[in-house]
Amino acid sequence: MTNATASAAANPADSGFFGHPKGLSTLFFTEMWERMSYYGMRALLVLFMTASLQQEGLAFTVATATAIYGLYTGSVYFLGLPGGWIADRLLGGQRTVFWGGVIIMCGHIVLAIPSSSTFFIGLILVASGTGLLKPNISALVGQLYSDDDVRRDGGYALYYMGINMGSVLGYTICGYFGENVGWHWGFGAAAVGMAVGLIQYRRTIDNLGGASLAPEVPLSPAGARKAWMGIWAAVAAVAVITGLALTGKLTINAVALAQYTAIVFTLIFFAYYGFIYFKGNLSDAEKKRLWALFLVCIASACFWSGFEQAGSSLNLFGRDYTDRIIGSFEMPASWFQNVNPMFIVILSPFFAALWINLGKRMVSPSYGMKCAIGLIIMASGFIVMFFAAQYAAQGLKVAPYWLITTYFLHTVGELCLSPVALSAVSKLSPKRFAGQMMGVFVLTYSIGNIISGLLAGNFDPNNVEELPNLYLQISLFSIGIGIIIALISLKAKQWEGLGGKPAVAVATDTP
């Protein structure tokens with residue numbers, strides 16, 4: 001461990017938060033309020049952008065709105081890469097988390113202003129702040145524990161509960177205010193939530209001790225000056241481009257921008273992956289494990305391109321074609337997204353037990369196979385939507401259980417793929433490239449989110465008869481990719497099994 005991490009390693013006597021270090025409570029509640037703001041945005045963005053001017057929305061087309069949504073969610077994950085670097089080399093995790101939260105809060109305050117001209121400024125601020133906060137607060141959790149502290153996994157489980165509590169708060173509170181009081185009230189509620197999280201963070205920051213108080217690998221003073229100059233130059237460039245766009249001197253086609261961004265992120269992924277593979281001086285065993293991990297990455301990108309329809313096309317389906325009347329109360333469309341975190345809380349223990357029990361029976365599918373199963377299960381949710389959309393195409397309002405069933409299947413798929421994929425990155429990456437490979441893997445989230453926005457752009461409320469085919473195409477494509485990955489994974493199981501052998505023992509093995 002580095003000095004910064006070692007100074008933060010928890011004393012087993014520090015058990016002030018359900019038997020865990022008190023610092024976990026600081027991070028738990030900060031993350032809970034930050035996730036309220038993020039998922040509150042996820043609930044409202046597409047609904048707000050596609051609402052008519054009479055409804056105080058932006059009256060964007062569905063294609064434009066979902067492309068912007070995809071760019072926003074994809075950028076959140078992509079900006080986590082420079083966010084992590086800033087913490088490691090310039091500010092330290094604690095300060096980066098705080099300033100990230102401040103920027104997020106400022107972004108929501110800007111969004112709460114009832115002016116369409118400031119909308120994109122707020123969106124950029126929220127995405128940038130989340131890129132600073134999200135990766136570093138997760139890393140801080142691990143630094144509260146020493147390497148041999150058996151409480152580590154339980155600590156992350158508690159932390160994960162905070163994420164899901166925050167998502168429920170975001171969907172419920174921001175969704176209600178946004179849809180029933182006013183869109184900008186919903187964005188303002190997210191700003192209040194982030195402010196509460198920041199106040200709590202500053203008041204209890206001493207609980208974190210020395211965890212990432214200073215940069216793990218600080219730059220020299222000269223290097224730091226150059227880095228800050230580069231950062232401020234990037235900020236200035238974004239400000240100039242935004243200003244030109246707002247004044248009409250620069251026209252940006254959101255759909256085309258999303259398409260090019262997806263291509264750029266994909267090229268970055270392949271270039272970095274290929275660089276490590278060909279120039280990383282890897283053993284044959286490490287190269288084979290990278291092939292196994294490549295299958296996981298492909299499954300991840302395809303999975304999120306379907307799963308993230310929740311904030312776009314499925315959100316619009318809930319608003320326009322689902323019967324939301326309960327007695328005399330019309331349920332906000334965004335509340336349907338609460339189904340996912342609720343199912344996660346209920347089902348997570350069962351899936352944790354499932355993999356353990358399969359292992360005891362000597363049945364241990366490869367990482368690729370588990371991810372393929374998750375992808376196929378997620379895709380089956382769109383088969384449900386295919387039938388629901390057929391009723392909608394006839395001019396009928398469908399029952400809520402169609403969306404609930406879809407979200408249930410998506411959640412089961414998520415539990416099969418998401419934690420397994422993260423574990424695969426940890427196990428299959430060459431140890432000396434572990435951090436960089438996690439960064440490369442995060443690009444699959446960005447790629448999937450942007451593709452999701454582009455796919456949702458085919459959701460045309462004026463041409464609803466095409467909706468069943470949209471969901472069927474997503475389903476068949478995802479199932480096809482899942483089957484291909486599953487078949488290749490039969491071989492990949494052998495590649496993964498090379499992890500415990502010395503490199504020299506497998507140097508002459510054929511692929």
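At what angle do the axes of helix α15 and helix α16 cross? In this predicted model, local features require pLDDT of at least 70 and side-chain atom pairs count only at pLDDT 80 or more, whereas totals for chains, interfaces and linings use all residues. Residues are numbered from 1 along each chain as its sequence is written, and side-chain values use heavy atoms, with hydrogens and water left out.

The axes of α15 (residues 401-428) and α16 (residues 434-456) cross at roughly 150 degrees and come within 9 Å. This makes α15 roughly antiparallel to α16 (an angle over 145 degrees). Helices are DSSP runs of H or I with at least four residues, numbered from the N terminus; axes are lines fitted to C-alpha atoms over the stretch in contact, with angles from 0 to 180 degrees between N-to-C directions. Ala421, Leu422 and Val425 of α15 meet Met437, Met438, Phe441 and Tyr445 of α16 (contact denotes heavy atoms within 4.5 Å).

Histidine 108 is located in helix α5 (residues 93-112). Its relative accessibility is 0%, so histidine 108 counts as buried (under 20% relative accessible area, with a 1.4 Å probe and protein chains only). Beyond neighbours within four places in sequence, histidine 108 contacts Ser37, Met41, Val126, Phe187, Ala190 and Ala191.

The structure contains zero disulfides (pairs of cysteine sulfur atoms within 2.5 Å). The sulfur of cysteine 302 lies 11 Å from the closest cysteine sulfur, that of cysteine 297, and is therefore too far for a bond. For cysteine 416, also in no disulfide, the nearest cysteine sulfur belongs to cysteine 371, 9.2 Å away. Cysteine 416 counts as buried because its relative accessibility is 4%.

How values were computed. Helices (H or I, at least four residues) and strands (E, at least two) are DSSP runs, numbered from the N terminus. Angles under 35 degrees count as roughly parallel, over 145 as roughly antiparallel, 65 to 115 as roughly perpendicular and the rest as oblique. Buried means under 20% relative accessible area, exposed over 50%, partly exposed in between (1.4 Å probe, protein chains only).
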